[in-house]
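This report walks through one model, from backbone geometry to the ligand site. Please keep the sequence and the 3D view open while reading.

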Amino acid sequence: MIGIIGGSGLLQLAGLEDVHRKVVRTPWGQPSGALSFGRLGGVPVVFLARHGYGHTIAPHDINYRANIWALHEAGVSQVIACSAVGGIRADLTPGQLVVPDQIVDYTWGRAVSYFSGEDQPVVHIDFSHPFDARLRHQLIGAALRLNLPVADTGCYGCTQGPRLETLAEVRRYQGDGCDMLGMTAMPEAALARELDLPYAILGVVANRAAGLAPGADATLAQRSEPSTPPERIVPDVAIAQAN
Ligand code: HPA
């Protein structure tokens with residue numbers, strides 16, 4: 001059985017048959033909504049809308065631990081996480097699919113592990129390759145068979161949100177090697193790894209990241225020299241006036 005997590009714009013799965021919904025509880029609290037069990041093209045799947053079925057749960061408020069736990073308890077053998085992303089790399093333009101192969105995590109203040117608290121051991125999972133290689137290849141292969149444009153690599157920078165980024169932040173993330181930005185891959189991907197659940201993201205580019213859209217005011221993003229800090233200007237003017 002495949003677990004499918006729906007992101008922004010994917011609140012339900014068209015074509016899901018024999019659907020029954022189940023409200024579940026976990027030791028970590030309530031998932032974003034009921035699990036929808038059904039069949040997609042004959043394959044048993046469990047669907048969960050990450051932001052809730054009414055899209056009411058912001059990225060920093062999602063109970064990632066409960067969501068991944070619930071899918072694991074439901075018996076899924078792998079998780080396909082659908083995510084809207086903002087494209088940084090030139091080829092990542094709106095409508096493009098992308099299957100990222102790396103993550104940089106910029107989030108903070110989220111519950112990031114099942115191994116926390118005094119009653120839990122300290123566990124350091126190997127996260128060198130955050131996504132499952134086999135599942136990534138299956139997603140890429142499926143997109144190619146359907147003639148859908150898909151980028152087969154890319155580094156996903158996970159920002160805290162819920163606001164979008166400043167131009168300077170996008171320039172920084174670009175310098176860090178990020179090819180796209182989203183707000184939900186972390187800690188979702190790491191929690192799946194803690195439960196040994198193969199996990200991969202199917203990203204769809206919703207927009208160009210701030211300042212990178214054609215015609216956008218990208219003056220700051222393009223500037224290579226730092227500007228003169230205002231602190232420097234004010235005393236000089238004051239000195240000139242004093243003279
Ligand atoms: N930034 C962060 N997350 C996003 C974006 C973006 O531009 N687009 C979709 N998710």
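## Positive phi in two loops

Asn147 is found in the loop between α2 (133-145) and β8 (150-151). Helices (H or I, at least four residues) and strands (E, at least two) are DSSP runs, numbered from the N terminus. Asn147 is not a glycine, yet has a positive phi of about 60 degrees. Asn147 is exposed, with a relative accessible area of 72%. The classes are buried (under 20% relative accessible area), exposed (over 50%) and partly exposed (in between), with a 1.4 Å probe and protein chains only.

Asp196 sits in the loop between α4 and β11 (199-208). Its phi is also positive, near 60 degrees, in a residue other than glycine. Asp196 is exposed too, at 68% relative accessible area. Most residues other than glycine have a negative phi, and most peptide bonds are trans.

## Basis of the model

The model is predicted: local features need pLDDT of at least 70, side-chain atom pairs count only at pLDDT 80 or more, and totals for chains, interfaces and linings use all residues. Residues are numbered from 1 along each chain as its sequence is written, and side-chain values use heavy atoms, with hydrogens and water left out.

## Cis peptide bonds

The peptide bond from Gly161 to Pro162 is cis, with omega near -5 degrees. Pro162 belongs to the loop between β9 (155-158) and α3. A cis bond also runs from Met186 to Pro187, with omega near 10 degrees. Pro187 lies in helix α4 (residues 185-194).

## Ligand site

Which residues are around the ligand? They are Ala84, Val85, Gly86, Thr159, Leu164, Glu165, Leu181, Gly182, Met183 and Asn207. Near means that one heavy atom of the residue lies within 4 Å of the molecule. By class, this shell has 5 nonpolar, 4 polar and 1 charged residues. Here Ala, Val, Leu, Ile, Met, Phe, Trp, Tyr, Cys and Pro count as nonpolar, Asp, Glu, Lys and Arg as charged, and the others, Gly among them, as polar.

Polar contacts are pairs of N or O atoms within 3.5 Å; within protein, one must be able to donate a hydrogen and the other to accept it, and residues adjacent in sequence count only if both atoms are side-chain atoms. A side-chain N or O atom of Asn207 is 2.7 Å from a ligand nitrogen. For Glu165, a polar side-chain atom lies 2.9 Å from a nitrogen atom of the ligand. Ala84 uses a backbone N or O atom, 3.4 Å from a ligand nitrogen. The protein covers 90% of the 260 Å² of accessible area that the ligand has on its own. Accessible areas come from the Shrake-Rupley method with a 1.4 Å probe.

β5 (78-87) and β10 (180-182) are the elements that give two or more residues to the shell. The largest share, 3 residues, comes from β5.

## Buried and partly exposed positions

Asp179 lies in the loop between α3 (167-175) and β10. Asp179 counts as buried because its relative accessibility is 16%. A polar atom of its side chain lies 2.8 Å from the backbone nitrogen of Cys155.

Ile5 lies in strand β1 (residues 2-6). Ile5 is buried, at 1% relative accessible area. Ile5 and Leu35 are 30 residues apart in sequence and 10.0 Å apart in space, C-alpha to C-alpha.

Trp69 has its place in helix α1 (residues 64-74). Trp69 is partly exposed, at 22%.
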